[in-house]
Amino acid sequence: MNNKISKTRLSAMNYYYRNFSLDYFLDSVSQDGLTNIELWTSPQHFWIEKDGHQDVKELKRKVAAHHLQIICLTPQQSNPNPYNLAAKDERLRKGSFGYFKNLIDSAAELNVHLVALNSGWDFYDENPAEAWDRSVAMLKMVADYAKDREVKIAIEALQPDESHLVNSIVDLKHYLKDVGRDNVGVNLDLGAMARNYETIAQYFESLGEKIIHCHFVDGNPVGHRCWGEGERNPGEDFNVFNYYGYQGYFTFEFGQSKYFLNPAETERKALRFLNPFLK
């Protein structure tokens, strides 16, 4: 059984450090012996707007000083944030494209070659097919802009109470086919996967090398929980990832509000639980 991975493939995320400063986040992650971070673009840590983005120099200096690397940028894009790939209003569509262009520019300036997006969301009183078409059209534009800057895009499924557009493996395959861009792959989010009663093996059997990123969380079976608080067996999960030759990172995306009160201890608890499966 090949049930271990290198600790250098784990990544922390400032999503659960939202109540603390960027400096606290970087200090904590560094002290935990992690080497990678996925940066959620909350404005208190690094702001991006439709008309511009924060200068990257200070962020680069701080990240380097902590001997860390940013492996992925993840924007604020879920409801009720104003910008998403399926935005309907023309003003919001124009703003969304500007926002995602600035995300891509930020990634390129930070030497980050991956951004994590979702399909966006539909109004519940409209035909989801119309929102689907808007999302596909917007992602084509964003992907073309990203390709010129050597940035890949990883799309994750969302849970049905978040969006009706891409919830399953079948949806992801259909969505990637409609978008038709070779720099667009899949972010395997274990929470969304479990919510749809799917497995890691089913993802790889259907999507194979298109899986380029993973949001790695525990769950009961869902909940984006800290490792050790759910039902998942990380050794069995790593064994499947290794069997299919996955080469990407595993990002913690702990989503329970209680974690936001003490993210450092949450992260250390996860690492203690995962330690037997790290090398």
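**Salt bridges and helix packing**

Let's start with charge. The structure holds 15 salt bridges. Keep in mind that this is a predicted model. I will go through some of these bridges one by one.

Take Asp144 and Arg181. They form a salt bridge, and their closest N and O atoms are 2.7 Å apart. Where do Asp144 and Arg181 lie? Asp144 is in helix H4, residues 128–147, while Arg181 is in the loop between H5 and strand S8, so this pair ties together parts that are 37 residues apart in sequence. Are these two buried or exposed? Asp144 is partly exposed, at 37% relative accessible area. Arg181 is partly exposed too, with a relative accessibility of 27%.

Next, Asp237 and Arg232. This is a salt bridge with the closest N and O atoms 2.8 Å apart. Asp237 has a relative accessible area of 7%, so it is buried. Arg232 comes in at 19% relative accessibility. The cut-off for buried is under 20%, so Arg232 counts as buried.

Now Glu265 and Arg272. They are joined by a salt bridge, with 2.7 Å between the closest N and O atoms. Glu265 is partly exposed, with a relative accessible area of 34%. Arg272 is exposed, at 53%.

One more item on charge. Lys88, Glu126 and Arg134 are linked by salt bridges into a network.

On to the helices. How do we describe a packed pair? We give the angle between the two axes and the distance between the axes.

Look at H5, residues 169–179, and H7, residues 200–207. They pack at an angle of about 25°, and their axes are 10 Å apart. That angle makes H5 roughly parallel to H7, since angles under 35 degrees count that way. The crossing of H5 and H7 is right-handed. Which residues make the contact? On the H5 side, they are Ile169, Leu172, Lys173 and Leu176. On the H7 side, they are Gln202, Tyr203, Ser206 and Leu207. By class, this contact of H5 with H7 has five nonpolar residues, two polar and one charged.

Stay on H5 for a moment. Tyr175 lies in this helix. Is Tyr175 buried or exposed? It is buried, with a relative accessible area of 1%. What does Tyr175 touch? Leaving out residues up to four places away in sequence, Tyr175 touches Leu85, Ser119, Trp132, Ser135, Val136, Leu139, Ile155 and Val166. For a sense of distance, take Tyr175 and Cys226. They are 51 residues apart in sequence, and 30 Å apart in space from C-alpha to C-alpha.

H1 passes H9 in a crossing that is right-handed. Which residues meet here? From H1, we have Tyr24, Ser28, Val29 and Gln31. From H9, we have Ala264, Glu267 and Arg268. The contact of H1 with H9 divides into three nonpolar, two polar and two charged residues.

To recap: 15 salt bridges, a buried Tyr175, a right-handed crossing of H5 and H7, and a right-handed crossing of H1 and H9. Thanks, and over to you for questions.

Terms used
Residues numbered from 1 in each chain as written. Predicted model: local features only at pLDDT ≥ 70, side-chain atom pairs only at ≥ 80, totals over all residues. Heavy atoms only, no water. Axes fitted to C-alpha atoms, helices over the stretch in contact; angles between N-to-C directions. Helix = DSSP H or I, 4+ residues; strand = E, 2+ residues; numbered from the N terminus. Parallel < 35°, antiparallel > 145°, perpendicular 65-115°, else oblique. Left-handed = near helix turned anticlockwise from the far one by under 90°. Contact = heavy atoms within 4.5 Å. Nonpolar A, V, L, I, M, F, W, Y, C, P; charged D, E, K, R; others polar. Salt bridge = Lys/Arg side-chain N within 4 Å of Asp/Glu carboxyl O. Buried < 20%, exposed > 50% of the residue type's maximum accessible area, 1.4 Å probe, protein only.
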